Every structure is written in C-alpha cells, then in structure tokens.
Amino acid sequence: MIKFPNAKINLGLNIVNCREDGYHDIETVFYPIALQDVVEIVPAKGNESTLTVYGRVINCPTEKNLVMKAYRSLEKDYNLPPIDIYLQKNIPDGAGLGGGSSDAASTLLILNEMFNLNISKEELAKRAAKLGADCAFFIYNS
C-alpha cells in the first residue's frame, strides 16, 4: 500500500513561551502543501520489520525514525506482523515542513487500512500526537 505524505507550512508563528523541557508553546496555522514524500508498506520478506530510506539522506537510526516509531506504536497493541517500509524522502528535513511527521501519520493511516484495525481518526490523532507535536495535524491534513 502506498501513500504520498505531503508537507505543510506555518501561516504565521507566535512563540507563546519557552517551557522547562526546552520546547516552545506556539500559536500557528498549519497549511498543507503539495511537496510530497512516498511511503510504501508491504508484508515483510523476512521475519523482522525493515525500513529502507531513499532520496534525501537523513542521519537517523531506524528505530528512532518516526515512521518506525509509528509502526511500533501499533505493533504492540494490535499484534501486527512484520512489514517492510520503503520511504522516499523528498521533503527537506529540519525546515519546519513536517516531512517526518507527515510520514509517521501516513504510516498510521496505511497500517489502519492495511490490517483493518478500524481505529478512528480521533484515536489515530492521539497516537500521532505522542510521536511528535505536529503529527496529529497530518491525520486530518486540513
């Protein structure tokens, strides 16, 4: 199954305050744009799940990648079988465009459909929010 996770831009950005954990509370409006990555998920060829990344090089260990974290979050609760994930990175990382977050949200959406998990969008958004601050936006993507 393939999805094309898109990027987003921030229309205005107001930093409300700096929190004790080093993050900032913000006010913004996210707006989806057409720049896209590609996420493909297929049944695993082997006994373990894999993640293969193409395109823009990202220096991120597999288990720390948000796509794999998204899979792991559902794997434990729904006893998912091993899968192979192919990620074509086109969205620049570290630019505030939400590429990794969008990829993670698309992974949750694909797995929900692929394995007929029947998880509501509300529940998927809650799971996505645990992965990253803007991941939940991409569940609804509007």
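Colleague: Which residues have the most contacts inside the largest nonpolar core?

Modeller: This is a predicted model, and what follows is computed from it. The largest nonpolar core has 29 residues. Those with the most contacts inside this core are Ile 41, Tyr 71, Leu 74, Ile 85, Leu 108, Leu 111 and Ile 139.

Colleague: Which element gives the most to this core?

Modeller: At least two residues each come from β4 (38–43), α1 (66–78), β6 (83–89), α2, α3 (121–131) and α4 (137–140). With six residues, the element that gives the most is α2.

Colleague: Which residues does Ile 85 touch, not counting residues up to four places away in sequence?

Modeller: Ile 85 is among the residues with the most contacts inside the largest nonpolar core. Leaving out residues up to four places away in sequence, Ile 85 touches Val 39, Glu 40, Ile 41, Thr 50, Leu 51, Thr 52, Val 67 and Tyr 71.

Colleague: How many degrees around the axis do the buried residues of α3 cover?

Modeller: The buried residues of α3 are Leu 124, Ala 125, Arg 127, Ala 128 and Leu 131. They lie on the same side of α3, because the arc they cover around the axis is only 165 degrees.

Colleague: Which residues are exposed on the other side of α3, and what covers the buried ones?

Modeller: The cover over the buried residues of α3 includes α1, α2 and α4. Exposed on the other side of α3 are Lys 126 and Lys 130.

Colleague: Is Arg 127 buried or exposed, and which residue does its side chain meet in a salt bridge?

Modeller: The relative accessible area of Arg 127 is 14%, under the 20% cut-off, so Arg 127 is buried. Asp 77 has 47% and is therefore partly exposed. In the salt bridge the N to O distance is 2.7 Å, and the partner of Arg 127 is Asp 77.

Colleague: How many residues apart in sequence are the parts that this pair ties together?

Modeller: The side chains of Arg 127 and Asp 77 meet in a salt bridge. Because Arg 127 lies in helix α3 and Asp 77 in helix α1, the pair ties together parts whose separation in sequence is 50 residues.

Colleague: What is the N to O distance in the salt bridge of Lys 89 and Asp 103?

Modeller: Both Lys 89 and Asp 103 are buried. The side chains of the two residues meet in a salt bridge, and the N to O distance is 2.9 Å.

Colleague: Where do Lys 89 and Asp 103 lie?

Modeller: The salt bridge of Lys 89 and Asp 103 links distant parts of the chain, 14 residues apart. Lys 89 is in strand β6, and Asp 103 is in helix α2.

Colleague: Which residues make the nonpolar surface patch?

Modeller: The patch has an area of about 360 Å², and β2 (6–18) and β3 (24–36) each supply at least two of its residues. Leu 11 lies in strand β2 and, at 45% relative accessibility, counts as partly exposed. The patch is made by Ile 9, Leu 11, Val 29 and Tyr 31.

Colleague: What distance separates the C-alpha atoms of Leu 35 and Pro 92?

Modeller: Leu 35 lies in strand β3 and touches, among others, Pro 5, Asn 90 and Pro 92. Leu 35 and Pro 92 are 57 residues apart along the chain, and their C-alpha atoms are separated by 9.6 Å.

Colleague: What value is phi of Asn 118 near?

Modeller: Asn 118 is in the loop between α2 and α3 and counts as exposed because its relative accessibility is 71%. Phi of Asn 118 is positive, in a residue other than glycine, and is near 55 degrees.

Note on methods. Residues are numbered from 1 along each chain as its sequence is written. This is a predicted model: local features need pLDDT of at least 70, side-chain atom pairs count only at pLDDT 80 or more; totals for chains, interfaces and linings use all residues. Side-chain values use heavy atoms; hydrogens and water are left out. Patches are made of residues with over 30% relative accessible area and no salt bridge: like charges are joined within 9 Å, nonpolar side chains (Val, Leu, Ile, Met, Phe, Trp, Tyr) within 5 Å. Accessible areas come from the Shrake-Rupley method with a 1.4 Å probe; for residues, only the protein chains shown count as cover. A salt bridge is a side-chain nitrogen of Lys or Arg within 4 Å of a carboxyl oxygen of Asp or Glu. Helices (H or I, at least four residues) and strands (E, at least two) are DSSP runs, numbered from the N terminus. Buried means under 20% relative accessible area, exposed over 50%, partly exposed in between (1.4 Å probe, protein chains only). Contact means heavy atoms within 4.5 Å. A nonpolar core is a set of buried Ala, Val, Leu, Ile, Met, Phe, Trp, Tyr and Cys residues joined through side-chain atoms within 4.5 Å. The arc is that of the directions from the helix axis to the C-beta atoms.
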